Amino acid sequence: MSDAAATGRPDETWTIKRVLDWTRGYLEKCGSTSARVDSELLLAAALDLPRLQLYLAFDKPLADAELAAYRRLIRRRARREPVAYILGQRGFHAIDVEVTPEVLIPRPETERLVDLAVAFLGAADAPEGDVLDLCTGSGAIALAIATECDSQGRPRSVLATDCSAGAVAVARRNRDALGLGSVHFAVGDLFAAVDADRRFAAIVCNPPYVRSEDWARLDADVRDHEPRLALDGGADGLDLVRRIAVTARQFLVDDGLIALEVGSRVQAEATCRLIGERGFAEATVEVLGPGPTCTVAAKASA
């Protein structure tokens with residue numbers, strides 16, 4: 001909210017409801033497509049309250065110091081900085097992870113990769129072995145898989161790699177905060193940090209898959225703030241998928257799982273062809289939600 005608006009006239013009281021109503025309209029004018037949620041999350045952070053508590057205290061007047069703290073957060077959001085970076089964290093699956101501009105903000109649709117891996121690893125006929133997470137970023141996928149496997153009484157060790165040392169530093173902090181000693185992180189380009197003779201029960205990856213020509217058309221929240229390294233997948237968005245397809249089979253046990261997220265049905269079909277040529281069978285495609293994002297999953301041929 002602006003300084004002038006926050007000051008108000010002498011007879012005006014800035015209650016939680018009034019502040020939220022004003023902020024929602026302001027953020028909409030600034031281009032936010034989630035202005036109501038943004039305003040509530042940031043006010044809850046400024047007041048150090050659970051978001052639900054705002055609804056129970058709509059008539060509570062805010063002190064000048066509280067308004068000033070909120071105003072600082074709203075200025076950042078008005079510049080299209082993502083709320084997750086402002087707050088420094090994001091919920092993902094059953095965990096919360098730290099996020100910084102070094103890492104991609106985990107999306108809800110990516111939780112499906114966790115579900116696929118956990119269901120596969122929990123089956124009675126699942127192969128033995130650890131899990132490999134490529135392009136780990138914040139470590140959200142690796143940590144969520146380990147958390148779910150632990151909760152089901154079927155623990156698995158997870159190795160996660162990323163070419164960004166800054167991202168791996170964030171991922172390690174997330175692991176330490178969650179106390180997940182079964183998850184290990186390494187800096188390296190895809191399989192470069194993995195011992196050549198190591199074999200895994202499952203490989204998961206949310207690679208960069210935005211087509212380079214689409215970069216300028218991305219929402220400003222993404223284009224101006226999230227790391228391009230984690231998003232730009234080259235001319236057709238499949239640069240890293242091709243590299244993964246060439247090498248993945250040699251790092252999987254027979255009947256091991258590969259599960260990837262891609263950005264469209266077209267990319268998913270191309271991915272099926274790429275991995276089908278490299279020792280994988282029965283690839284399945286699942287379109288996630290109303291958008292074009294898809295998962296591709298397949299088993300390594302025996």
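This is a predicted model: local features need pLDDT of at least 70, side-chain atom pairs count only at pLDDT 80 or more; totals for chains, interfaces and linings use all residues.
**View 1. The largest pocket and the residues that line it.** The lining of this pocket is made up of 50 residues, and those that lie nearest its centre are L104, N206, Y209, A230 and L231. Helix α8 (140-151), strand β4 (158-162) and helix α11 each supply at least two residues of this lining. When the lining residues of the largest pocket are sorted by class, 26 are nonpolar, 14 are polar and 10 are charged.

**View 2. The second largest pocket, with about 600 Å³ of space.** Here 27 residues form the lining, and D38, P82, V83, A84 and R90 are the ones that lie nearest the centre of the pocket. At least two lining residues come from each of α3 (35-47), α6 (83-87), β1 (89-92) and α10, and α3 gives the most, with five residues. By class, the lining of the second largest pocket has 11 nonpolar, six polar and 10 charged residues.

**View 3. Helix α5 (residues 64-78) and the residue R80 that comes just after it.** Helix α5 has 15 residues and reaches 20 Å from its first C-alpha to its last, which is close to the 21 Å expected at 1.5 Å a residue. Within α5, the buried residues are L67, A69, Y70, R71, L73, I74, R77 and A78. Just after α5, the backbone at R80 takes a positive phi of about 75°.

View 4. The side chain of E226 reaches the backbone nitrogen of I105 at 2.9 Å. Leaving aside its neighbours within four places in sequence, E226 is in contact with Y85, L104, I105, R107, W215, D221 and L231. Two of these contact residues, L104 and L231, are also among those that lie nearest the centre of the largest pocket, so that this view can be read together with View 1.

Conventions
Residues are numbered from 1 along each chain as its sequence is written. Side-chain values use heavy atoms; hydrogens and water are left out. A polar contact is a pair of N or O atoms within 3.5 Å; within protein, one must be able to donate a hydrogen and the other to accept it, and residues adjacent in sequence count only if both atoms are side-chain atoms. Contact means heavy atoms within 4.5 Å. Helices (H or I, at least four residues) and strands (E, at least two) are DSSP runs, numbered from the N terminus. The expected span of a helix is 1.5 Å times one less than its number of residues. Buried means under 20% relative accessible area, exposed over 50%, partly exposed in between (1.4 Å probe, protein chains only). On a 1 Å grid over the protein atoms alone, a cavity is a set of points where a 1.4 Å probe fits but cannot get out, and a pocket is an open set with protein on both sides within 12 Å along at least five of seven lines; lining residues have an atom within 4 Å of a point. Ala, Val, Leu, Ile, Met, Phe, Trp, Tyr, Cys and Pro count as nonpolar, Asp, Glu, Lys and Arg as charged, and the others, Gly among them, as polar. Grid points are joined across faces, edges and corners, and a volume is the space filled by probe spheres set on the points.
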